[in-house]
Amino acid sequence: MKDYLIAPSILSADFARLGEDVTRVLEAGADVVHFDVMDNHYVPNLTIGPMVCKALRDYGIQAPIDVHLMVKPVDSLVPEFAKAGASIITFHPEASEHIDRTLGLIRDHGCQAGLVFNPSTPLSHLDYVMDKVDVILLMSVNPGFGGQSFIASTLDKLRQARRRIDESGRPIRLEIDGGVKVDNIRDIAEAGADMFVAGSAIFSQPDYKAVIEQMRGELAK
Ligand code: DX5
Ligand code: ZN
């Protein structure tokens, strides 16, 4: 089977017991911790920053932490998150004045770098930086909140992104974020995604393991 990664978004976790809840979801079979950073400026919501990332590392979380920056400006947070234990840092091209520079900054700090595309953001931002991205993240909802419905036009965009990755010949991850559920994950994988963020679909259920296994079952079909 293809190498698929399941990345629960901790936006839907229990913030009052974050260490325990993240441990539980990793023990239930998750691969990556998706860490949503919102600034009430680039997106209309406010969440968590580098201190919380460091707190998870200090608590003993060893899985890769995938930091999704929904902030503007971006660059000043990159060293902070690298120091706090981020493994991947992704940002939205609209939020950086110098996309190439920000990608380089992330990599210089020892993290994998990625660009995030809102539903209406064109993939052309990739044109001159394909050699500097490790991850392409397509938003299948407008960023800011968990629990929204998957926007169907993202499937075609995934196919286009998959084509670009295959043409590049580089091992770039294609991540999808927003409205991913057991009943649509297979179509999403068929369109080309290989890394799946899911927040409400996992954390709203009492048995995380059961949901993750159902997702893997769909992916194995
Ligand atoms: C939205 C965030 C997502 C969100 C996904 O802006 O980037 O990661 O938590 O939540 P669900 O899976 O509930 O759509
Ligand atoms: Zn996210």
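Tutor: Happy to! A residue counts as buried if 20 or more other C-beta atoms lie within 10 Å of its own, as exposed if 12 or fewer do, and as partly exposed in between. Keep in mind that this is a predicted model.

Student: Let me try that on Asp-177: is Asp-177 buried or exposed?

Tutor: Asp-177 has 27 C-beta neighbours inside 10 Å, so Asp-177 is buried. You will find Asp-177 in strand β7, residues 173-177. Leaving out residues up to four places away in sequence, Asp-177 touches His-68, Leu-137, Met-139, Ser-140 and Val-197.

Student: And His-34, is that one buried or exposed?

Tutor: His-34 is buried, because 27 other C-beta atoms lie within 10 Å. His-34 belongs to strand β2. Not counting residues up to four places away in sequence, the residues that His-34 touches include Asp-66, His-68 and Val-197.

Student: Which residues does the UniProt "binding site" annotation that includes His-34 cover?

Tutor: In the unreviewed UniProt entry, that annotation covers His-34, Asp-36, His-68 and Asp-177. These residues span 144 residues in sequence, yet no two of their C-alpha atoms are more than 10.5 Å apart, so they gather at one spot.

Student: Can we turn to the ligand? Which residues come nearest to ligand 1?

Tutor: There are 21 residues around ligand 1, and Ser-9, Pro-143, Gly-146, Gly-199 and Ser-200 come nearest. The elements that each give two or more residues to this shell are β2 (33-38), β8 (195-198) and α7 (200-203).

Student: How many residues of each class does the shell have?

Tutor: The shell around ligand 1 has 12 polar, 7 nonpolar and 2 charged residues.

Student: What does UniProt say about other positions?

Tutor: The unreviewed entry also places a "binding site" feature at a set of positions, among them Ser-9, Gly-144, Phe-145, Gly-146, Gly-199 and Ser-200.

Student: Where does Gly-144 lie?

Tutor: Gly-144 is in the loop between β6 (135-139) and α5 (154-168), and Phe-145 is found in the loop between β6 and α5 too. Beyond its neighbours within four places in sequence, Gly-144 is in contact with Met-38, Val-43, Pro-44 and Asn-45.

Student: Why is Gly-144 called partly exposed?

Tutor: Gly-144 has 16 other C-beta atoms within 10 Å, so Gly-144 is partly exposed. Phe-145 is partly exposed as well, with 16 other C-beta atoms within 10 Å.

Key:
Residues numbered from 1 in each chain as written. Chains lettered and ligands numbered in written order. Predicted model: local features only at pLDDT ≥ 70, side-chain atom pairs only at ≥ 80, totals over all residues. Near = placed C-beta within 6 Å. Helix = DSSP H or I, 4+ residues; strand = E, 2+ residues; numbered from the N terminus. Nonpolar A, V, L, I, M, F, W, Y, C, P; charged D, E, K, R; others polar. UniProt positions renumbered as here; feature names shortened; annotations may be inferred. Contact = placed C-beta atoms within 7 Å.
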